[in-house]
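Morning, everyone. I have one model to walk through today.

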Amino acid sequence: MSNRQLTAADGHVFDAYEAIPDGAIKGGIVVIQEIFGVNPHIREVVDGYAKDGYAAIAPALFDRVERGVELGYDEQKDFDKGLDIAFQKLKIEDALVDIQAVAQELDKHGKVGVVGYCFGGLLTWLSACRLNGISACSAYYGGGTVNHISESAKCPVIMHFGEKDEHIPMTEVEKIRSSLRAVDVYVYDADHGFNCDHRSSYDQTSAETAKTRTLDFFASNL
């Protein structure tokens with residue numbers, strides 16, 4: 001478990017949090033942040049995948065806009081700041097350049113998968129469609145995914161949504177499901193952010209079920 005820096009193809013240097021498992025490595029996992037940055041929760045997710053046998057790295061995508069952004073879940077100002085950086089100030093194309101750099105770094109450990117949450121869920125879908133060297137993607141409640149269903153994935157993808165998620169209504173989820181027939185779309189009796197045990201919307205049963213499905217999916221494709 002360590003903080004390090006990586007360099008993207010355009011020369012941008014960004015921070016990243018990395019965890020390497022003890023013993024044999026099953027492959028690499030890019031962990032893509034929510035709108036709250038690479039905060040304690042995302043570092044815990046990275047650590048979790050390392051415990052599951054994968055070399056995992058979370059890139060600090062907000063470094064393109066502001067370095068060292070770590071936001072909490074309880075203050076409206078944190079939510080507003082994260083939303084502004086993710087969807088107004090940060091260029092999606094630049095974020096994907098950074099994700100590609102992480103995938104290339106992880107390639108030395110074997111096949112590479114991507115998992116992302118919230119804003120990262122959207123970027124996970126776009127990574128599957130636009131990046132190279134990605135073998136599997138698991139996207140959690142990616143807001144805005146419905147706006148990109150005309151794109152085609154280059155690798156297997158699964159998606160997870162919460163039925164109670166007001167940010168991503170079920171009408172959007174059904175549109176995604178009907179348009180992306182090759183994608184397994186799972187719906188849980190939960191709210192947005194159900195995977196994060198730092199949030200009031202955390203749902204342990206849904207989080208554990210989604211993690212099991214994701215690990216099984218990665219085991220089959222990485």
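Which residue stands opposite Met159 in β7? Ala139 does. Keep in mind that this is a predicted model. That pair belongs to β6 and β7, which run parallel and share four bridges.

Stay with β7 for a moment. On its other pairing, β7 meets β8, again in the parallel sense, over five bridges. Look at Gly162: its bridge partner in β8 is Tyr188. To get from β7 to β8, the chain passes through α5, and this β-α-β crossover is right-handed.

Now, how many residues of β7 are buried? Six of the six, so β7 is largely enclosed by the rest of the structure. Val157, Met159 and Phe161 point one way. Ile158, His160 and Gly162 point the other way. Both sets are buried.

Let's zoom out to the whole sheet. There are eight strands in an open sheet, in the order β1-β2-β4-β3-β5-β6-β7-β8, and the pairing is mixed. Which strands stand at the edges? They are β1, residues 2–7, and β8, residues 184–188. Each has a single partner strand, so one side of each is left without a neighbour in the sheet. On average, neighbouring strands are turned by 20° against each other, ignoring direction.

At the β1 end, the sense is antiparallel: β1 and β2, residues 13–19, pair over six bridges. Within that pairing, Thr7 has Val13 of β2 as its bridge partner.

Next, the helices on the sheet. α3, residues 92–106, packs there and touches β1, β2, β3, β4 and β5. The direction of α3 makes about 155° with that of β3. α5, residues 170–179, also packs on the sheet, touching β7 and β8. Its direction makes about 160° with that of β8.

Last item: backbone torsions. Cys118 has phi near 65°, positive, and Cys118 is not a glycine. You will find Cys118 in the loop between β5 and α4. Is Cys118 buried or exposed? Buried, at a relative accessible area of 9%.

Tyr141 sits in the loop between β6 and β7. Its relative accessible area is 1%, so Tyr141 counts as buried, the cut-off being under 20%.

That's the tour. Over to you.

Key. Residues are numbered from 1 along each chain as its sequence is written. This is a predicted model: local features need pLDDT of at least 70, side-chain atom pairs count only at pLDDT 80 or more; totals for chains, interfaces and linings use all residues. Side-chain values use heavy atoms; hydrogens and water are left out. Two strands pair if DSSP finds at least two bridges between them. Helices (H or I, at least four residues) and strands (E, at least two) are DSSP runs, numbered from the N terminus. Axes are lines fitted to C-alpha atoms, for helices over the stretch in contact, and angles run from 0 to 180 degrees between N-to-C directions. Contact means heavy atoms within 4.5 Å. Buried means under 20% relative accessible area, exposed over 50%, partly exposed in between (1.4 Å probe, protein chains only). A crossover is right-handed if, with the strands pointing away from the viewer, the path from the first strand over the helix to the second runs clockwise.
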